[in-house]
Amino acid sequence: MTDTMVESGPTISSPEDLASLRDQLAAAAEGRRRVLVCSTGCLAIGAREVEATFRSEVAAAGLIGEVDVVQTGCHGLCAMAPVAVIEPYDIVYGRNRVKYIPDVISQTVMNGDVIRRFCYGRDAAMAHVEDIPFYAHQTKRVLRNVGRVDPQRIDDAIQRGVYAAAGKALTTMAPDEIVEEVKASALRGRGGGGFPAGLKWEICKQNPGNDRYLICNADEGDPGAFMDRALLEGDPHSVLEGMIISAYAIEATKGFIYVRAEYPIAVRHIRKAIDEARERGLLGDNILGSGYSLDIEVREGAGAFVCGEETAMIASLEGERGMARPKPPYPAVRGYHGEPTIINNVETFANVPLIIDEGGGDHRLQGHQDLRPRRPGQQHRPRRGADGGDDPRHRLRRRRRNAPQSRVQSRPDGRPIRRMCARLPPGPPHRLRLAQGGRGDHGLRRHDRDGQHDVHRRHRPLLHRLLRR
Amino acid sequence: MTAVDLGPARAVLEDMAPVDHGLAIPLLQNIQDTYGYLPREVLLDLSSETGIPASHLFGLATFYAQFYLEEHGRHTVRVCRGTACHVRGRKIIQEAIDDELGIGPGETTEDRRFSLETVACVGTCFLAPVVMVDHDYFGNVDPKKVGEIMSGYE
């Protein structure tokens, strides 16, 4: 499929249309054989050839129509790149090589037989998703669709239930009710600042303005951080859905997504997602027959790190040099063109549909209430490292030895880092020495004795400063 | 300096119309996609066409790292200098590129084939050290692989 072409499909004009389309798609997809090839991070290590070979070999074996080869987002096991997941068996293969693909198709895709050499830890007992400790100990929430959908096909997203929460929010809930739910969920900003999202929205709504704006901050640039990238590349429709609900909640008239130009795949996927959503009536005028209209525009950053800061980002969107200004007034009070503006992180928006689905109170329970009351919800974060190659011939390899594995994983917030890192592949025992958080407020630090992982550990600026104009 | 053809710039402008102050950055991005850099004559022309002060356009062009006011190589090699790539040896990679192409960061080869830049983080830390050539990623780069990667671009 080409990147620019938008497939036409039925226009969706009500939540009922959406539900029936979803049922149809789900029935059609039941028990399909699919090869899900990571086509984002793994591209750096040959995923394009792997995917193309799967396609050509499927065609050569006369299996078109029986086996779908799908480009997906990140499966998380980046150390095993290029990674492919084979449905309906949920077998995970890493280190895929072009020359073995005919074997993979004939044995695994068609018969479900496991080939040991591609398995996690080269162990046939860890062929299936549920057998791999790395996956078994995760609870994927905002990442639930990443790696399972073709990010460039809106039908895949709809089949997985994306946009259902938007339908519910826009047709059955008042904007203030949504703000209340988000407040009840105690969702805090995922960009690193950790400001309560619901409170920010409420402040925005208390301020009079001709227009309100919504901005999605996708200028992710903290060293070692790539969760926003994983989401935008792997499941852009969930981010859009979150933005639609949020925009409705604050009654915004226009949305922006500010993505860094260094993320070309993310830019391409989100643009495509917007075009498709618009084509299907999920974005634009009268979304899902609710009477609410919203358009979202993608803006690419121009290589200024500082533009990830919200006031600098607004300056950049206004066509200025990206220079930050003192706060207050915060953007929720005076933002884009002087109007009340909400800026939230990609992952914050991706949490919003879950809150609508489950209700704020239940969402709150996903965090670790017993540890710290105002930090619920889930955080997914990159953990980095590499294969433990032990070859002394090369300076690079020696540097890599200390980092046993690379991956993106997802756990409820409050999980001790030690436990997140505890499950490593077979090999010499490792001791955790250092944890680099994927967020701006972590920095590089030694992990403390109890290995507590707490994103919002530091003292935050006092809330009342925001309320002062 | 040889005269620059303003035609493509006008076409970009027409495509994006109406262009106001707020769209100045996307405008410069499109112009750079067209010309490979931001020629001075084009910026002056855009200023008179759109009414955006030339000083503002030059201000943007010099503020944002993505913009070049001088002619650039046909391909841009970006070496990641993020933390992960740094600890996993991007300096060695950069030396290998210097050996191969004879250019350091911010420089362009004499035949205008490559320009080298360093970037803060391309968000592919799990495959560090990472090199990008135009929009293609190369992960786990080894100094020995540098020549092979570069040979793929003319």
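**View 1. Four strands of chain A form an open sheet, in the order β2-β1-β3-β4.** The pairing among its strands is mixed. The edges belong to β2 (67-72) and β4 (91-93) of chain A. Each of these two has a single partner strand, so one of its sides is left without a neighbour in the sheet. Going from one strand to the next, the twist averages 20 degrees.

**View 2. Strands β1 and β2 of chain A pair in the parallel sense.** Here we look at one pair from that sheet. Strand β1(A) covers residues 33-38, and six bridges link β1(A) with β2(A).

**View 3. Helices α7 and α13 of chain A cross at roughly 100 degrees.** Helix α7(A) spans residues 175-185 and helix α13(A) spans residues 346-358; their axes come within 10 Å. An angle from 65 to 115 degrees counts as roughly perpendicular, and α7(A) and α13(A) are therefore roughly perpendicular to each other. Which residues make the contact? From α7(A) come Glu181(A), Val182(A) and Ser185(A), while α13(A) brings Val352(A), Ile355(A) and Ile356(A). Sorted by class, the contact between α7(A) and α13(A) has four nonpolar residues, one polar residue and one charged residue.

**View 4. Chain A is divided into two parts, domain 1 (31-136) and domain 2 (162-364).** Taken over C-alpha atoms, the centres of domain 1 and domain 2 of chain A are separated by 34 Å. Where the two meet, domain 1 of chain A gives four residues to the contact and domain 2 of chain A gives five. What classes of residue are found on the side of domain 1 of chain A that touches domain 2 of chain A? That side has one nonpolar residue, three polar residues and no charged residues.

**View 5. Chain A and chain B are in contact.** On this view, 36 residues of chain A meet 37 residues of chain B. Two elements of chain A each give two or more residues to the side that touches chain B, namely β7 (295-300) and α15 (395-400). Which of the elements gives the most to this side? It is α15(A), with four residues. The side of chain A that touches chain B is made up of 16 nonpolar, nine polar and 11 charged residues. For the model, the scores are ipTM 0.83 and pTM 0.83.

**View 6. Chain B has seven helices and four strands.** If you follow chain B from the N terminus on, its elements run α-α-α-α-β-α-α-β-β-β-α. Chain B is divided into domain 1 (7-63) and domain 2 (75-151). Along the principal axes, the C-alpha atoms of chain B fill a box of roughly 50 × 30 × 25 Å. The average pLDDT of chain B is 89, and 99% of the residues score at least 70. A friendly caution for reading any such view: where pLDDT is low, the predicted coordinates should not be read in detail.

Conventions:
Residues are numbered from 1 along each chain as its sequence is written. Chains are lettered from A and ligands numbered from 1 in the order in which they are written. This is a predicted model: local features need pLDDT of at least 70, side-chain atom pairs count only at pLDDT 80 or more; totals for chains, interfaces and linings use all residues. pLDDT is the predictor's confidence in each residue, from 0 to 100. Two residues are in contact if their C-beta atoms, placed from the backbone, lie within 7 Å. Ala, Val, Leu, Ile, Met, Phe, Trp, Tyr, Cys and Pro count as nonpolar, Asp, Glu, Lys and Arg as charged, and the others, Gly among them, as polar. Two strands pair if DSSP finds at least two bridges between them. Axes are lines fitted to C-alpha atoms, for helices over the stretch in contact, and angles run from 0 to 180 degrees between N-to-C directions. Angles under 35 degrees count as roughly parallel, over 145 as roughly antiparallel, 65 to 115 as roughly perpendicular and the rest as oblique. Domain bounds come from an automatic or database domain assignment.
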